[in-house]
Amino acid sequence: MTQKTLKHKNHKLESKALYEIIRQFDHHIEVPHSIQHGDYNKFLTSFDGIKQIVKKYNDSSDSKEQLLHLTSLSTHLLRLVDEMLEDHTKIKYSHALNIKKKNYIIDGFRKYIASKEELDAEIPSDDEEPTKGGSAPKIKGIKGLSKAERQVLGIK
């Protein structure tokens, strides 16, 4: 054999080996680092299950077994999506409820501030009460005294 045919044959062998490696990686599923090393407490068990199924899939060489693992992986992924949607819905409803509470409190404060002058006008002032005869001394807070207390103090 000539050197040219040997190079050509080696080249064919190398390309065939390279093709086999590429074919193996075509059927290989790679788990992203965010899932593999992430710290998501809510979904940790789902992520662990997915990682195990992907590992089993990548380790198996039988196509029927791989198909079984893919079916299991699809089911796990759909469950994870369902968990995430449920969590998102809870967060959305909680946020909407907090906004409603905030708006209710703000509306209450606005109504109170708008009616404060009217409320202050309804409160009677103790200083504005006229005394009869003008001889009794002016004492603040006499309005809340009983008849007996007024007699003791000498106030009519």
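## Ground rules

The model is predicted, so local features need pLDDT of at least 70 and side-chain atom pairs count only at pLDDT 80 or more, while totals for chains, interfaces and linings use all residues. Numbering starts from 1 along each chain as its sequence is written, and side-chain values use heavy atoms, with hydrogens and water left out.

## The overall picture

The protein chain has 5 helices and 0 strands, and from the N terminus its elements read α-α-α-α-α. Both kinds of element are DSSP runs numbered from the N terminus: helices are H or I with at least four residues, strands are E with at least two.

Of the 156 residues, 11% count as buried. Here buried means under 20% relative accessible area, exposed means over 50%, and partly exposed is in between, with a 1.4 Å probe and protein chains only. As for contacts (heavy atoms within 4.5 Å), take those in the protein chain with a separation of 6 or more: 41% of them come from residues 24 or more positions apart.

## How α3 meets α4

Two packed helices are described by the angle between their axes and the distance between the axes. For helix α3 (residues 44-59) and helix α4 (residues 63-122), the axes come within 9 Å and cross at roughly 165 degrees. The axes are lines fitted to C-alpha atoms, for helices over the stretch in contact, and the angles run from 0 to 180 degrees between N-to-C directions.

α3 and α4 are therefore roughly antiparallel to each other; that label needs an angle over 145 degrees, with under 35 being roughly parallel, 65 to 115 roughly perpendicular and the rest oblique. α3 also passes α4 in a left-handed crossing, meaning the near helix is turned anticlockwise from the far one by less than a right angle (clockwise would be right-handed). The residues of this contact divide into 10 nonpolar, 6 polar and 2 charged. Nonpolar covers Ala, Val, Leu, Ile, Met, Phe, Trp, Tyr, Cys and Pro, charged covers Asp, Glu, Lys and Arg, and the others, Gly among them, are polar.

## Residues worth a click

Ser46 sits in helix α3 and is buried, at a relative accessible area of 8%. Leaving aside residues up to four places away in sequence, Ser46 touches His76, Leu80 and Glu83.

Lys56, also in helix α3, is partly exposed at 49% relative accessible area. Lys56 and His69 are 13 residues apart in sequence and 7.1 Å apart in space, C-alpha to C-alpha. Over in helix α4 you'll find Thr75, partly exposed at 34%; from Thr75 to Ile50 it's 25 residues in sequence and 9.7 Å in space, C-alpha to C-alpha.

## The aromatic pair

Rings of Phe, Tyr and Trp (its six-membered ring) pair if their centres lie within 6.5 Å; planes under 30 degrees apart are stacked, over 60 edge-to-face, and the rest tilted. That rule gives 1 aromatic pair. Phe43 and Phe47 form the tilted pair, 6.5 Å centre to centre with 55 degrees between the planes. Phe43 is buried, as is Phe47.
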